[in-house]
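The sequence and structure come before the discussion.

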Amino acid sequence: MRHPIALLVLAMAFALSGAEAKFEFWPGAIYDASVPAFSKVLGYDAGERITSHAGILQYFDALSAAAGNRIKVFECGRSWEGRKLICAVVASESNMKRLPEIRAGMRRLADPRVTSDAEAAKLIATLPATAWIAAGVHGNEISSSEAVMLAAYHLLAARKDPSVTEILAKTVLFLVPTQNPDGHDRFVRHYEQNEGIEPDVHPQSAEHIEPWPGGRGNHYLFDLNRDWIALTQPEIRGQVKALMEWHPLVFADLHEMGSDSTYYFAPEAAPFNPLLTKDQVAALDWFGKNNARWFDKFGFSYFTRDVFDAFYPGYGASWPSYYGSVAMTYEQASSRGLLMRRTDETTFRFRETVQHHFVAALATAETAARNREKLLRNFYAYSKTAIEEGRKEKVRTYILPRRGDVAAVDKLAGLLAGQGVEVKRSVGVLRAAGIEYPAASYAIDMAQPARRLVRTLLDADVKMDEGFIKEQERRRAKKLPDEIYDVTAWSLALMFNVELVAAAGPAEAQFEMVDPGKLPAGRLTHPAATLAFLAPWGSAAQGRLLTAALRQGLRVWSSDKPFVLTGRRYPAGTLIFKVKENGERLAARLEKLAASTGAEIAGTDSGWVEEGADFGSRHVNELRRPTVALAWDRPVSSTAAGWTRFVLERQYHYPVTPIRVQSLGGADLAKVQVLILPDGAAESYASTLGANGIRRLKEWVGTGGTIVAMEGALTFLADPKVALLDLARENAARPSGTEKKTSEKPAEAGARIDGKVLASEADYQKAIRAEKEMPDAVPGVLVRARLDPDHWITAGASPTVNAMFSGRDIFAPMKIDKGVNAAVFLPDGKLVAGGYLWRENREQLAYKPLAVVQRQGRGYVIGFTCNPCFRAYLDGMNVLFLNAVFRSPAHTRTAPGE
């Protein structure tokens, strides 16, 4: 049922318009009346309103009821808030009957090991092209969803249109009207709550400016267009599963951008990922040229080869490339409502933005139809050449030894398998190149169709084009912004901090294929133990065990020191479940927890420790269940808040209490043990909390609370008016020999100064250098840090971790009398694990802190200069983060001297 205010607005808008002629999205099209138009189902024409997710489903149900022989809607997942994610297949009646055959044919074409060239030729001669057009991955990018709905209607109802006839004769289309229904409906609710009696053109009107967190992200505020390599979110997991089932040849991802822009389509901007093939890059021109042809006909403005690159594989418009698709991003200037005024005083309507995406979608489908045979031939060649290259290259096998954080190793193997990579698990010992690896280790043969996907997901460093890097350095020297769109490193092995071995030969063992849905379960040994059960700390599985045990009311102790018991060495952080304090059913409860969490637990009848801390020593503390609060709403970064909440709630199944920052100053924190402050502007944190809120926060920490702060929040805590963290951000370090003498003072503007002779370009560059400047901004690079093994916050963690450094904040190390630099970046030469880092930043970042711990009264302030929860795919940082959250409350009760 439509909202009555919305219907009133429609009626008044119609009256004020003077009953203008009906807008034609495709001029001259004649539509079959048996196929329901927007107005018949939803009560308004396309582009007149912003359709809710329920309305989108309603419309596709109506199309299916009217033309079920040419459209089939299937579900490909559910959002966190339970909304259905759908894909509509649109095809000719004959191709619709062939769908199982087409799916099977594409699967055979995807694997040349089971399909000969002759068989492939037969398939190429008979299969249609397949194109996947996806909309609304960012929920507030609203025009794409309406455009996909309109495209479905047009393809079903404009039966006499020659372009439609050609498209349906040669192509099967997969239409995804929204990839982010939760964010979409968040935006729609905002818009409807703020609209007036007519659409407002003012860019700052309430209907255009969304409150925090906006509709861009999903329920956990993730940018879903960065999640395609990690698959942390159900909206993307469901789509990847469907893509692996159908292998569409073309993938177009429809987006929106700033209102002052026009329309962007492929070819993409530099840099291109070097693992894309020449055929894939060349095909972008086919689509770009045909899009341009249609846009020229309609008189639409557009641009190509600028801003939006094809380097990072985690975009929706990148990931499908690595099974052989031609994947592209399309961007439309957003109206963020029904009407928008640009800064040049021109006005444009929502329906125009819908039309642009609609025309681009049809042009893309037409290009796929006209290049059907070439697309199919290139798709087959993609897998064939991948296998050939895998047999010839130096690295024949990637091995994931099952040691260290075995839960992370298992997760990575399953994640790769879920993306179509063939991963094998050894039943016994695995051997490769004369080296033995533990039983249940994983092997990935590079001679497989997914070779390029394996390389881009696992290689430590995927290189950008040297010419592109040279241009970025030139721009940087002139203080121009770089043109790198996203992070420059994303190796899953590095981010999970697991060992990856590149072997020159094949792996030898008895193998079983990895099923992504069936990973190794945990186990409990010696269930009849009479004294205690021990869980060696240091893996994601043990983290899940801890949170589950705390939620079930079990009493858990943990040792800050490593120890040796009955000949076995246990790391610092090891969890201790004492039988006497937990009751007779402890073994049975722990056995269930081991099975569900993947944790390893060992029983013991003796507490005699041969080396290290005894169970009753001062180094063993009880870990009580903490209440964890999370700063929420402005000025907190919505993505940073969402990542943090997701990691705790969904990866470790522990509840979080979000508290809006404007309420934090007056909130009762007496029952809160840990407060997490995600990234946010320092000045805004201070002004939102106010002097009274800051005072109350300091009192809470002093009486035993723990603050875990990240990135920008550190600057807030370090402000002298707050004084909770003795930490300082650095200006850019001056090159050697250019340090300014302390006696020199900057000249006042307009004053006469002593003359200088500039005899060289070097003199000129020195003369124009700013007195003080911040380090240059970094788009994103993986860097290594070493951990202090003597501090409880590093218990169980690897000696080194990999962090994602971005931005320009470099902090000076904390003085030893103020606190502990618990994690410090490695020196230049060892610092960069993957990606590209400016030389000056690389030199200055060495030996600077990643994690600091400072005692404040009875409480603690813990700071992370890089976000340990970044995009929820830095699994290798999880132990450090969990220690900060769950181990700190146990130490707030100890004496300040520790």
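## Basis of the description

The structure discussed here is a predicted model.

## The seven-stranded sheet

Seven strands form an open sheet with mixed pairing, in the order β1-β2-β4-β3-β5-β9-β6. Its edges are β1 (71-78) and β6 (263-264), each of which pairs on one side only.

## Strand β5 and its neighbours

Strand β5 (residues 250-257) runs parallel to β9 (residues 326-333), and eight bridges join the two. Two positions illustrate this pairing. Aspartate 253 has threonine 329 of β9 as its bridge partner, and glutamate 256 stands opposite glutamine 332 in β9. Strand β3 is also parallel to β5, joined to it by five bridges. Here tryptophan 132 stands opposite phenylalanine 251 of β5.

In a regular strand, side chains alternate between the two faces of the sheet. In β5, Val250, Ala252, Leu254 and Glu256 point one way, while Phe251, Asp253, His255 and Met257 point the other way. Residues on both sides are buried, the charged Asp253 and Glu256 included. Because eight of its eight residues are buried, β5 is largely enclosed by the rest of the structure.

## Helix α21

Helix α21 spans residues 638-651, 14 residues in total. From first C-alpha to last it reaches 19 Å, close to the 20 Å expected at 1.5 Å a residue. After the helix comes histidine 653, which has a positive phi, near 55 degrees.

Of the 14 residues in α21, 12 are buried, so the helix is largely enclosed by the rest of the structure. The buried set comprises Ser638, Ala640, Ala641, Gly642, Trp643, Thr644, Arg645, Phe646, Val647, Leu648, Glu649 and Gln651.

Helix α16 (residues 466-477) contains glutamine 472. This glutamine counts as buried because its relative accessibility is 0%, against a cut-off of under 20%. Leaving aside residues up to four places away in sequence, glutamine 472 touches Asp482, Glu483, Ile484 and Trp838.

## Nonpolar cores

The largest nonpolar core holds 276 residues, and the members that touch the most others in it are Phe577 and Leu677. Another core, of 11 residues, lies apart from it; among its members are Leu534, Trp557, Ile576 and Val609.

What does leucine 677 touch, not counting residues up to four places away in sequence? Its contacts are Ala631, Leu664, Tyr685, Ile707, Val708, Ala709, Met710, Ala713, Phe716 and Leu717.

## Cysteines

The structure holds zero disulfides. Cysteine 866 is in none, and its nearest cysteine sulfur, belonging to cysteine 869, is 12 Å away. For cysteine 869, likewise in no disulfide, the nearest cysteine sulfur is that of cysteine 866. A disulfide would need the two sulfur atoms within 2.5 Å.

Are these two cysteines buried or exposed? Cysteine 866 is buried, with a relative accessible area of 1%. Cysteine 869 also counts as buried, at 1% relative accessibility.

Note on methods:
Residues are numbered from 1 along each chain as its sequence is written. This is a predicted model: local features need pLDDT of at least 70, side-chain atom pairs count only at pLDDT 80 or more; totals for chains, interfaces and linings use all residues. Side-chain values use heavy atoms; hydrogens and water are left out. Two strands pair if DSSP finds at least two bridges between them. Helices (H or I, at least four residues) and strands (E, at least two) are DSSP runs, numbered from the N terminus. The expected span of a helix is 1.5 Å times one less than its number of residues. Buried means under 20% relative accessible area, exposed over 50%, partly exposed in between (1.4 Å probe, protein chains only). Contact means heavy atoms within 4.5 Å. A nonpolar core is a set of buried Ala, Val, Leu, Ile, Met, Phe, Trp, Tyr and Cys residues joined through side-chain atoms within 4.5 Å.
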